[in-house]
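Take a moment to turn the model around on your screen.

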Amino acid sequence: MNDQLFGVLISTVAYAFGMWLFRKTKLPFLNPLLIAIILIISVLLIFDIPYEKYNAGGQIISFFLAPATVVLAVPLYRQFELLKRHLIPILIGVIAGSATAVACVLGLSKLVGLDREMIISLLPKSITTPMGLSISESTGGNVSITMMAILITGVFRVVICPYILRWTHIKNSVAKGISIGTSAHALGTSKALEMGEVEGAMSGLAIGLAGITTVLIISVLVNFL
């Protein structure tokens, strides 16, 4: 089988199974992407298939990450009036969330004694993949580690965000969307869209704002590491 076709096929089948399992169980920790990752890794290990063979097709899927992120502007356009009314609180929330994410990574990394390359690789963990990989590569980080950190962050926060919103009694749709998009990037936005169009639109906005804010913070911070 063609390597590119193999990568696309196994990714599609694994994710489709993850979606089916999630819809059957409705359990948040059975996230479709998490299930797909586990299945793909299992298949590669069991049948001793080189990662390079799989990634020939995986790169095709990765190519569509940036266009898919841009498409999130559609629900934002529909909620533009709502955005104008809440612009200042939104900006403050995104900046505070982005700064907190970077500060937590830096503080914990210093606490456990991680080296400079590892710290830089982990700093963009809360922003969307294209921006995170770009800033990691340009500042001397390990792109593979950054990719894994972004993925783990997104999946973990998609699982826990419904519980956190429930425990903290956050009911405002704008607040829900901004908090999810700032902390869980595109994966979180898919969850926000399930909650409603306003949540999805605000989460999509937060992805871009949080990405820009985080890139600016890291660009300055990296000179002091």
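A residue is called buried when its relative accessible area is under 20%, exposed when that area is over 50%, and partly exposed in between, using a 1.4 Å probe and protein chains only. Helices here are DSSP runs of H or I with at least four residues, numbered from the N terminus. With that in hand, look at helix α9, residues 129-138, where Thr129, Gly132, Leu133, Ile135 and Ser136 are buried. Just after α9, Gly140 has a positive phi of about 95°.

This is a predicted model, so local features need pLDDT of at least 70, side-chain atom pairs count only at pLDDT 80 or more, and totals for chains, interfaces and linings use all residues. Residues are numbered from 1 along each chain as its sequence is written, and side-chain values use heavy atoms, leaving out hydrogens and water.

Now go to helix α1 (residues 3-25), where you will find Ser11. Because its relative accessibility is 9%, Ser11 counts as buried. Leaving out residues up to four places away in sequence, Ser11 touches Ile40, Tyr54 and Ile61; contact means heavy atoms within 4.5 Å.

Next comes a nonpolar core, which is a set of buried Ala, Val, Leu, Ile, Met, Phe, Trp, Tyr and Cys residues joined through side-chain atoms within 4.5 Å. The largest one has twelve residues, among them Leu82, Ile90, Val174 and Val198. Two or more residues each come from α6 (80-85), α7 (87-112), α11 (173-195) and α12 (197-221). The largest share, six residues, belongs to α12. Beyond its neighbours within four places in sequence, Val198 is in contact with Gln79, Leu82, Ser173 and Val174. A second, separate core of nine residues includes Val105, Leu106, Ile218 and Leu221.

How do α7 and α12 meet? Their axes, lines fitted to C-alpha atoms over the stretch in contact, with angles from 0 to 180 degrees between N-to-C directions, come within 9 Å and cross at roughly 50°. Angles under 35 degrees count as roughly parallel, over 145 as roughly antiparallel, 65 to 115 as roughly perpendicular and the rest as oblique, so α7 and α12 are oblique to each other. Residues in their contact include Val94 and Leu106 of α7 and Leu205 and Leu221 of α12.

Finally, follow Leu106 in helix α7. Not counting residues up to four places away in sequence, Leu106 touches Ile119, Leu123, Leu221 and Leu225. Leu106 and Leu225 are 119 residues apart in sequence, and their C-alpha atoms are 9.7 Å apart in space.
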